[in-house]
Amino acid sequence: MSPAPTGAAAGPLRDYEAALDWLDSHIDLERLLGSPEATAPTLDRMWTLMGVLGDPQDSVPAIHITGTNGKGSTARLSVALLGACGLAAGSYTSPHIERVNDRITVANEPLDDESFATAISEVAVLESMVTERCGERPNYFEVMAGAAYNWFASTAHVNVIEVGMGGRWDATNVVDAAVAVITNVGADHLEIIGPTLADVASEKAGIISAGAIAVCGETAPELVEIVAVTAAEVGAELWRRGVEWDVADRQPAVGGQLVTVRTPFGKHADHFVPLHGAHQAINVATAISSVEAFFGRSLDDDVITAALADITLPARFEIVNRQPTVVIDGAHNPAGAAALRDTLAEALSMVSTPEGEPQVASAAGTDGSNVLVIGANRPHDPGEFCKALDLEPFDAVVATAASWPRAIPPSEVSAAVENAAASRHRPLDIIAAASVTDALQHARDRAGPDGIVVVSGSLYIAAEARRLLGSHPH
């Protein structure tokens with residue numbers, strides 16, 4: 001049973017700081033992932049919380065998004081598309097990049113401090129009813145999800161909800177979404193939602209509601225079949241990538257790429273997207289297909305152009321500094337590392353020749369060094385991440401740790417990097433830095449003004465680096 005409420009409010013919380021303090025008194029499963037303190041999956045607390053709030057999740061139609069990678073980007077793109085159609089889209093995502101407010105947004109704008117405090121307070125005043133009925137308090141994620149659903153009921157025309165992990169047992173899965181999106185199915189969190197990819201696919205397919213349209217970005221036939229079976233069981237229509245929708249063409253361009261998307265309603269040709277990487281083209285296609293599924297019609301091309309023109313994805317191949325060029329990317333698993341590898345090659349020419357000699361990015365000059373700053377959280381394996389990323393183009397690696405309970409110590413990260421680099425064609429300098437601040441200093445000094453620094457390995461490392469360097473390119 002959860003501990004007795006600490007600082008729980010009998011009335012509205014006083015202010016933003018009081019709301020944060022009250023939130024922090026709850027068990028945070030994101031910090032305890034995989035530990036014995038993490039409780040068995042259940043939606044009992046969440047359903048009870050929704051009940052005492054008046055079932056706000058039923059007040060607004062929704063797009064529900066799960067997937068191993070790309071769900072945050074797809075959510076943000078979907079919100080922009082809905083906004084270009086004139087709808088205020090509420091969005092709940094996790095974890096946050098800069099501030100906890102980032103998890104609850106309307107039109108991709110986080111709630112201001114006063115609104116956030118009000119949203120949390122509306123849950124706080126009713127929490128004792130949940131605790132009394134369930135015998136334990138809701139956890140941190142459940143409170144946040146409940147606050148989001150409750151806030152959007154009166155402020156949004158449509159919800160875009162990102163699953164925290166898995167799907168079937170995720171706290172967000174109390175909504176009957178009109179569109180269920182599965183971006184992909186990968187080998188992440190197998191110790192919790194596995195142990196097989198088939199298990200992961202089944203968990204993610206658990207968000208598909210009766211009569212919904214399921215937009216599936218996974219293409220492995222055996223996994224798509226699992227999704228198809230679930231969709232058929234609940235009478236949902238299935239849209240498969242490579243069949244009903246897909247990226248028809250993409251061409252790299254200065255500052256992004258030109259993307260052509262086909263959906264069941266037709267083709268949208270040559271839209272400029274200020275994002276790098278083939279994986280982001282897929283996310284764009286996923287978002288367009290999902291929003292068209294929501295409306296049941298084709299989107300106008302001028303709507304798509306307007307939505308994509310100024311899209312930004314914090315900590316997703318985000319260039320936040322020049323001289324040296326600093327790229328922040330929240331990739332945290334091998335699939336994400338492989339996408340980062342390909343994007344570095346395409347956007348910054350960071351590739352290796354067959355002999356293993358690096359080809360330094362022409363975008364950053366020819367005299368600097370390429371430096372990787374990496375941190376990882378348990379249970380992820382930084383060695384597997386580095387193998388997927390390919391260390392050949394890097395001259396040095398700085399191993400570090402975010403200020404996070406599950407962060408792997410820098411010494412362990414550096415040992416994993418050394419092991420992953422054992423077959424390199426040339427020496428690799430590996431440095432262990434106690435903090436992200438020290439890591440960035442080491443990396444920037446080593447890179448020099450003409451080099452490239454890539455910060456990756458976990459979204460927490462990316463977020464901390466982003467805060468330290470500033471969130472806007474300079």
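Visitor: Hi! At what angle do helix α3 and helix α6 pack?
Guide: Hello! In this predicted model, α3 (residues 44-53) and α6 (residues 127-134) pack at about 135°, and their axes lie 9 Å apart.

Visitor: Is the crossing left-handed or right-handed?
Guide: α3 and α6 cross in a right-handed way.

Visitor: Which residues make the contact?
Guide: From α3 there are Asp44, Arg45, Thr48, Leu49 and Val52, and from α6 Met129, Val130, Arg133 and Cys134. The residues of this contact divide into 5 nonpolar, 1 polar and 3 charged.

Visitor: Switching to strands: what order do β9, β10 and β11 take in their sheet?
Guide: The order is β9-β10-β11, in an open sheet of 3 strands with antiparallel pairing. At the edges are β9 (246-253) and β11 (266-273), each pairing on one side only. Neighbouring strands are turned by 15° against each other on average, direction ignored.

Visitor: How many bridges join β9 and β10?
Guide: β9 and β10 (residues 256-263) pair over 7 bridges. Arg250 stands opposite Val259 in β10.

Visitor: And which helix packs on the sheet?
Guide: That is α11 (residues 278-295), which touches β9, β10 and β11. The direction of α11 makes about 40° with that of β10.

Visitor: Last one: what is the mean pLDDT, and where is it below 50?
Guide: The chain's mean is 92, with 91% of residues reaching 70 or more. The pLDDT is below 50 over residues 1-10, and it also stays under 50 over residues 358-366. Where pLDDT is low, the predicted coordinates should not be read in detail.

How values were computed: Residues are numbered from 1 along each chain as its sequence is written. This is a predicted model: local features need pLDDT of at least 70, side-chain atom pairs count only at pLDDT 80 or more; totals for chains, interfaces and linings use all residues. Side-chain values use heavy atoms; hydrogens and water are left out. pLDDT is the predictor's confidence in each residue, from 0 to 100. Contact means heavy atoms within 4.5 Å. Axes are lines fitted to C-alpha atoms, for helices over the stretch in contact, and angles run from 0 to 180 degrees between N-to-C directions. Helices (H or I, at least four residues) and strands (E, at least two) are DSSP runs, numbered from the N terminus. A crossing is left-handed if the near helix is turned anticlockwise from the far one by less than a right angle, and right-handed if clockwise. Ala, Val, Leu, Ile, Met, Phe, Trp, Tyr, Cys and Pro count as nonpolar, Asp, Glu, Lys and Arg as charged, and the others, Gly among them, as polar. Two strands pair if DSSP finds at least two bridges between them.
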